[in-house]
Amino acid sequence: MMSKKKLGLDDLGGFVFSTDNDFDVDANNSDQIETPAPKDQHLEAHFSNKGRGGKIVTVIKGFEGNDDDLNSLGKTLKKKCGVGGSVKDGEIIIQGDVRNKVMEFLKHDGYSVKRVGG
């Protein structure tokens with residue numbers, strides 16, 4: 001099994017070197033944000049085709065929480081819709097106009113979802 005290649009500073013833990021003798025890695029590792037419960041999340045389902053070569057996508061915005069939970073939600077939505085997509089800049093991007101399907105799944109899981117645009 002091949003190990004994942006380290007590509008940037010984020011993959012190395014966020015810092016490379018500190019000159020502070022009293023620096024404590026664990027005390028400064030506050031990037032693990034607590035993810036609120038689904039009922040406390042207010043998401044927006046957007047329709048977009050700008051900047052994507054005319055391809056239509058559904059964009060889910062407004063997720064609060066850590067990146068692992070966002071990636072997990074994105075993976076679940078892609079699987080349930082049977083389409084591809086990605087997670088970038090705190091947004092879930094799903095191929096095609098599947099807002100109705102995505103909103104149905106999110107509401108079933110307890111999220112508050114609002115349809116935005118077109």
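Analyst: Let's begin with handedness: a crossing is left-handed if the near helix is turned anticlockwise from the far one by less than a right angle, and right-handed if clockwise. In this predicted model, α1 passes α2 in a right-handed crossing.

User: Before we go on, how should I treat the numbers and the model?

Analyst: Residues are numbered from 1 along each chain as its sequence is written, and side-chain values use heavy atoms, leaving out hydrogens and water. The model is predicted, so local features need pLDDT of at least 70 and side-chain atom pairs count only at pLDDT 80 or more, while totals for chains, interfaces and linings use all residues.

User: How many helices and strands does the protein have?

Analyst: Both are DSSP runs numbered from the N terminus: helices are H or I with at least four residues, strands E with at least two. Here there are two helices and five strands, and along the sequence they follow the pattern β-β-α-β-β-α-β.

User: At what angle do the axes of α1 and α2 cross?

Analyst: Axes are lines fitted to C-alpha atoms, for helices over the stretch in contact, with angles from 0 to 180 degrees between N-to-C directions. The axes of α1 and α2 cross at roughly 125 degrees and come within 10 Å. That makes α1 oblique to α2 (under 35 degrees is roughly parallel, over 145 roughly antiparallel, 65 to 115 roughly perpendicular, and the rest oblique). Contact means heavy atoms within 4.5 Å; L73, L77, K80 and C81 of α1 make it with K101, V102, F105 and L106 of α2.

User: Which residues of α2 are buried?

Analyst: Buried means under 20% relative accessible area, exposed over 50%, partly exposed in between (1.4 Å probe, protein chains only). In α2, residues 99-108, the buried ones are R99, V102, M103 and L106. They lie on the same side of α2 because they cover an arc of only 100 degrees around its axis, taken from the directions from the helix axis to the C-beta atoms. On the other side, N100, E104 and H108 are exposed. The buried residues of α2 pack against β1 (42-48), β2 (57-61), α1 (67-81), β4 (91-95) and β5 (112-116).

User: And which residues of the largest nonpolar core touch the most other members?

Analyst: Such a core is a set of buried Ala, Val, Leu, Ile, Met, Phe, Trp, Tyr and Cys residues joined through side-chain atoms within 4.5 Å. Of its 16 residues, I60, L73, L77, I92, V102, L106 and Y111 touch the most other members. Two or more residues come from each of β1, α1, β4 and α2, and α1 gives the most, with four. Leaving aside neighbours within four places in sequence, L73 is in contact with F63, I92, L106 and Y111.
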